Amino acid sequence: MASGAIFSSLRRRRSPTLEAFLAPVDLSDVALVQTLVTVVNELVCCFSKRSFFFQRKNTRSLIRKVEVFQVLLEYLNDSGSGSGSVLPATGLLCLKELYLLLYRSKILLDYCAQSSKLWLLLQNHSISGHFHDLNQEISTLLDVFPVKDVCLSKDVREQIELLLKQSRRAKLFIDMEDDALRVRFFEFLDQFENGRIPDSEELRSFYVDKLQIMDAACCRTEIEALEEQIVNHEGDIEPTVSVLKGLVAMTRYCRFLIFGFEEDELDMENGSQKKIKKGLITQEIADTFLTVPKDFCCPISLDLMRDPVIISTGQTYDRSSISRWMDEGHTTCPKTGQTLAHTRLVPNRALRNLIVQWCSAHGIPLEPPEVMEAMGEAFASACPTKAALEANRATANLLIQQLANGSQSGKTVAAREIRLLAKTGRENRAFLAEAGAIPYLRDLLSSPNSVAQENSVTALLNLSIYDKNKSRIMDEASCLVSIVNVLRFGHTTEARENAAATLFSLSAVHDYKKIIADETGAVEALAGLLQDGTPRGKKDAVTALFNLSTRTDNCVRMIEAGAVTALVEALGNEGVAEEAAGAIALIVRQPFGAKALVNQEEAVAGLIGMMRCGTPRGKENAVAALLELCRSGGSAATERVVKAPAIAGLLQTLLFTGTKRARRKAASLARVFQRCENASLHYGGLGVGYAL
């Protein structure tokens with residue numbers, strides 16, 4: 001625990017609290033010296049023979065000082081001078097301080113041994129400062145240590161006195177060779193910033209000869225380490241997020257420029273695709289976590305909401321997710337497809353309080369909203385620099401060349417990298433499409449390689465987020481056909497799910513809804529995924545079907561394809577019931593849609609179940625669907641709804657507790673019942689009063 005706390009603190013260049021250094025031992029115990037001997041022996045054993053790539057002089061100097069303390073402690077332990085009855089009080093206090101100092105030394109040396117080369121290079125001055133701070137603390141400790149009052153041998157005393165003199169004279173040391181490399185690193189970045197691509201041989205010399213990054217795997221590790229720093233970044237650390245993004249983009253470019261695709265191709269041939277990380281937690285770890293209540297998850301990211309906000313349509317999203325959605329140029333609600341009346345974000349404090357209570361009960365840390373807002377502002381201000389854009393553009397050209405002319409496994413790697421590059425930034429999505437990625441990705445959709453197919457369809461999904469790319473994808477010959485074929489016959493579950501999500505993204509454009517619905521097998525495959533898919537697949541399918549149902553002339557096609565049956569079955573699934581009820585409400589506006597719903601035995605019961613147990617939005621959609629069913633379905637449909645058990649009580653509850661739209665729909669449904677010939681018999685207490 002102590003190691004993790006200090007390691008984390010050093011990475012953020014914060015002064016760790018005293019408690020962070022305390023190991024689970026009692027420092028007041030008479031066995032203090034024995035404890036110190038164990039600590040110092042472990043430290044010397046771990047680092048005395050280790051070679052450090054950076055901070056070589058500082059690490060060797062610190063280790064030599066620790067070795068002197070090792071001599072002192074072993075002498076005290078062997079001579080029995082370490083007991084509280086022999087050492088003076090000042091000596092005991094110094095040994096307790098030494099205990100903390102040794103742990104700090106161990107963590108700093110661990111940090112230099114384990115951190116990526118590029119990050120150590122960027123933090124050259126800061127880390128040198130940490131070594132200097134430790135040296136000053138050693139000097140202070142030795143100044144206070146009562147050497148004359150402790151029984152020491154002559155050679156031990158001389159070593160302690162010599163160490164004190166050296167510590168007093170020591171000054172901050174920054175390795176100028178290391179610093180020259182750091183300056184050179186930024187010079188390459190400046191060239192990208194000025195619109196020039198650095199010479200390939202100079203880049204090769206820097207990464208391979210100077211930094212000893214010898215292969216694609218090592219380069220990938222360096223990139224991931226820098227990306228981790230971006231995620232964990234705090235505002236006052238240098239370099240800034242914008243600069244780090246530029247350095248990541250440049251290093252990614254060099255990875256493919258220098259090392260090509262050979263090593264990655266070997267990974268692909270062996271059937272091992274590296275898991276795409278979300279934040280810093282891989283899916284394997286995330287699967288072991290608690291199940292977060294559905295209402296606490298953001299509909300966009302599907303993660304626990306840290307700062308829930310309400311948009312103009314009444315839907316709640318995590319601030320960071322919906323802000324990113326709006327920043328990308330979207331003007332509709334991601335969940336309902338409605339046009340946003342405005343872009344104001346209203347904090348959902350009630351939901352926030354519930355999330356805080358749940359997190360507290362389960363021991364899950366949660367940042368306060370003001371911290372989250374500050375972090376969001378810091379990240380929002382970190383727009384990609386010109387250097388990052390130019391480096392990413394150069395990388396995109398390399399990847400598309402590989403898609404055009406590379407081996408099959410090389411194309412798979414290129415598709416994966418385009419998938420990752422298109423995950424963030426409107427600019428990345430724009431120039432990837434402009435450079436001609438879409439036709440090559442379309443060709444990979446029919447690949448017999450499951451990894452290639454999955455990466456290519458996900459890359460198209462990410463590209464489609466940028467509105468201008470939607471038309472590029474739809475205009476590309478056979479591209480829609482290929483996406484639908486992946487949805488129908490994809491090699492993996494994720495490929496089929498991402499194909500459904502791509503159709504959802506494309507169907508945000510009204511003119512494309514009819515084209516997608518008319519594509520052979522598209523609606524049938526979405527209905528099948530809604531019935532038999534994973535929870536995530538069902539979500540992708542139901543949102544796509546909802547989008548398609550917003551176009552009136554798609555309803556017949558959806559009924560013929562079995563979408564109504566799938567939507568009715570989905571009413572019993574908490575994860576997708578809300579969207580399913582919304583789609584049904586749109587379909588039954590047409591008489592043939594109402595007729596199709598009446599033929600579904602469980603339809604009315606399912607909608608009433610939603611009114612009883614659904615979310616506020618789900619109840620709203622359910623009562624709207626029943627109202628449209630009565631209006632469009634004729635007397636038979638109305639009678640079926642009227643005779644449904646418990647409908648009176650549910651309508652009464654909605655009239656008083658539902659959302660504004662739900663109350664309006666419930667009042668309208670009450671008036672329909674009043675006009676029904678059986679109203680006086682079955683619903684005499686539910687008439688004008690409720691309608692009014």
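**The whole chain**

Begin with everything displayed, and keep in mind that this is a predicted model. The chain has 692 residues, and 51% of them count as buried. The accessible surface comes to about 31,200 Å², and carbon and sulfur atoms account for 52% of that area. Among the contacts with a separation of 6 or more, 71% are made by residues 24 or more positions apart in the chain.

**First stop: helices H3 and H4**

Select residues 32-47, which form helix H3, together with residues 56-79, which form helix H4, and turn the view until you can see how their axes come within 9 Å and cross at roughly 145 degrees. The crossing of H3 and H4 is left-handed. Now show the side chains where the two helices touch: on H3 the contact includes Val33, Leu36, Val40 and Phe47, while on H4 it includes Ile63, Val66, Leu73 and Asn77.

**Second stop: helices H5 and H7**

Next, select helix H5 (residues 89-114) and helix H7 (residues 124-144), whose axes lie 10 Å apart. How are the directions of H5 and H7 related to each other? The angle between them is about 165 degrees, and since angles over 145 count as roughly antiparallel, H5 and H7 are therefore roughly antiparallel to each other. Their crossing, like that of H3 and H4, is left-handed. To see what lies between the two helices, display residues of H5 such as Cys94, Leu101, Leu108 and Tyr111, and then residues of H7 such as Phe131, Leu134, Ile138 and Leu141, which are among those that meet here.

Finally, select the three strands, which form an open sheet in the order S2-S1-S3 with antiparallel pairing. Strand S2 (316-318) and strand S3 (346-347) are the edge strands, and each of them pairs on one side only. In general, strands of a sheet pair through backbone hydrogen bonds, either parallel or antiparallel. Here, strand S1 (residues 308-310) pairs with S3 in the antiparallel sense over two bridges, and if you label isoleucine 310, you can look for its bridge partner in S3, which is valine 346.

Note on methods:
Residues numbered from 1 in each chain as written. Predicted model: local features only at pLDDT ≥ 70, side-chain atom pairs only at ≥ 80, totals over all residues. Heavy atoms only, no water. Buried < 20%, exposed > 50% of the residue type's maximum accessible area, 1.4 Å probe, protein only. Contact = heavy atoms within 4.5 Å. Areas by Shrake-Rupley, 256 points an atom, 1.4 Å probe, with all protein chains shown as cover. Pairing = 2+ DSSP bridges. Helix = DSSP H or I, 4+ residues; strand = E, 2+ residues; numbered from the N terminus. Axes fitted to C-alpha atoms, helices over the stretch in contact; angles between N-to-C directions. Parallel < 35°, antiparallel > 145°, perpendicular 65-115°, else oblique. Left-handed = near helix turned anticlockwise from the far one by under 90°.
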